[in-house]
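I wanted to see what lines them.

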Amino acid sequence: GMALSAIAGVLLERGSQISGSDMAASAYTDRLRVAGATVHIGHGVANLPAADLVVFSAAVPDDNPEMIRARELGIPILRRAEFIGRLLDQRRGVAIAGTHGKTTTTAMLATILKSVGRDPGYLIGATVPDLNGNSAWGTDPEFVIEADEYDSAFLEYRPHIAVINHLEPDHLDYFGSFERIRDEFRQFAAAVKTDGLLIARAGIPAIDDLVAAASCEVLRFGPGGDWQLVDFVDGAWGSTFDISDPNGDSHPARLPLPGQHNARNALAAVAAAVAIGLSAKEAIAGLSGFRGADRRFELLAEARGIRIVTDYAHHPTEVRAALAAAAGTGAGRVWAVFQPHLRSRTEDFFDDFAAAFGDADRVTITEIFSPPGRETGTLSGADLAAAISPPAGFAATLDAAHDQVTTEARHGDLIILIGAGDINRLAERLAQWLRS
């Protein structure tokens with residue numbers, strides 16, 4: 001998967017011998033083979049060499065045969081997050097956290113640092129075209145990571161600089177309650193080194209409550225904060241705005257990505273870059289050609305007056321932001337094709353999802369993406385489609401959604417495929433159709 005392949009890539013760069021196994025071949029396993037790793041498809045005892053360490057992801061169960069064998073042999077075993085924590089301790093750690101915006105902000109900061117000739121390390125939860133991948137060990141002191149809250153991963157980190165982009169209920173299948181999420185973010189804020197810096201979004205009550213837990217300096221970004229976004233204007237495919245720094249100086253900026261949420265991500269990345277030692281002007285210039293991250297409002301194809309965009313949004317707040325960005329491009333019609341991710345999440349935020357499509361001119365809901373064996377229940381994507389006002393269309397399969405779009409798309413449409421499941425397969429098919 002994305003996370004463990006990124007770690008393996010960092011270790012290969014450092015000169016370690018790496019082997020591993022996955023359930024199926026993928027672009028990730030192919031890249032690791034080319035880089036020198038030994039890759040096994042399928043899990044089995046024979047795959048486990050005389051290793052010094054085994055690192056596993058949250059998706060790997062305790063009864064995995066390689067895990068059982070490693071315990072029998074007394075080989076040390078670490079969760080993915082524990083190992084990242086060890087990497088972070090070797091460098092000047094910069095951790096980007098928050099229930100939204102982590103991937104894009106981490107990609108922006110790494111891109112900014114590379115743009116001025118620095119060589120940071122980084123671990124990002126998506127492929128970044130400007131970086132030709134999603135991981136590097138680098139040679140500079142900074143190690144920039146996406147700090148995921150799921151599985152309490154970010155509690156393993158003790159960064160020098162931390163960013164908290166947003167905080168609201170999510171992953172309730174794991175956390176159980178918003179109070180637990182807030183408590184773990186408090187712990188994360190408290191873990192920033194005392195001589196470090198916490199950069200936290202202003203105007204979010206849950207974040208306002210946790211900054212007091214930090215024993216380091218705190219800067220706020222957003223309305224009323226130390227860093228502010230001023231005069232935001234969305235354009236055809238990008239935005240312009242001014243950034244006001246803690247001294248009150250104003251810096252003009254242009255970002256080649258639409259959406260105010262992306263401008264806020266840029267504001268956080270610029271604030272972090274300045275904390276590392278760059279000027280605001282250098283940081284803003286480093287984003288002038290930023291092409292985004294994989295599946296984050298990614299333009300896949302444009303032809304015949306139609307555009308195909310894919311976005312990883314899987315929470316109502318993210319869906320709203322993606323559709324607001326789509327509407328801001330000036331498209332003739334915004335057609336949202338949404339694949340809900342997990343029955344539990346769809347049920348937890350059902351009313352919010354139903355109200356999230358106001359900026360779409362047409363909506364198609366597909367069946368819910370729910371991994372086999374992970375969930376129970378009978379909630380269907382059709383239930384969500386019926387709850388949207390006016391009612392959305394329902395496509396029981398991705399093939400049915402494909403047929404709808406290819407039959408009924410028209411000049412001027414921006415068709416945005418939204419979701420964190422396998423809807424990217426549909427997005428790629430539609431991009432191929434549009435190019436043909």
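I began with the second largest cavity, where helix 12 gives the most to the lining, with three residues. Helices (H or I, at least four residues) and strands (E, at least two) are DSSP runs, numbered from the N terminus. This is a predicted model, so I noted its thresholds: local features need pLDDT of at least 70, side-chain atom pairs count only at pLDDT 80 or more, and totals for chains, interfaces and linings use all residues. Residues are numbered from 1 along each chain as its sequence is written, and side-chain values use heavy atoms, with hydrogens and water left out.

**Entry 1: second largest cavity.** I looked up its lining and found His171, Leu172, Asp173, Leu342, Ser344, Arg345, Asp348 and Phe349. Helix 6 (172-175) and helix 12 (343-348) each supply at least two of the lining residues. I sorted the lining by class: three nonpolar, two polar and three charged residues. For the classes, Ala, Val, Leu, Ile, Met, Phe, Trp, Tyr, Cys and Pro count as nonpolar, Asp, Glu, Lys and Arg as charged, and the others, Gly among them, as polar. The space in this cavity is about 40 Å³. A volume is the space filled by probe spheres set on the grid points, which are joined across faces, edges and corners.

**Entry 2: the search.** How many cavities of 30 Å³ or more does a search of the whole structure find? I got two. On a 1 Å grid over the protein atoms alone, a cavity is a set of points where a 1.4 Å probe fits but cannot get out; a pocket is an open set with protein on both sides within 12 Å along at least five of seven lines; lining residues have an atom within 4 Å of a point.

**Entry 3: largest cavity.** I read off about 50 Å³ of space. Phe241, Ile243, Ala253, Arg254, Leu255, Ala266, Val270, Ile284 and Leu287 form the lining. Eight of these residues are nonpolar, none is polar and one is charged. Strand 13 (238-244), strand 14 (250-255) and helix 9 (260-276) each contribute at least two residues. Strand 14 has the largest share, three residues.

**Entry 4: second largest pocket.** I noted a volume of about 240 Å³. Its lining holds 13 residues, and Ser5, Gly9, Arg31, Asn134 and Ser135 lie nearest the centre. Which element gives the most to this lining? Helix 1 does, with five residues. At least two residues each come from helix 1 (2-14), helix 2 (27-35) and strand 7 (133-136). By class I have five nonpolar, six polar and two charged residues.
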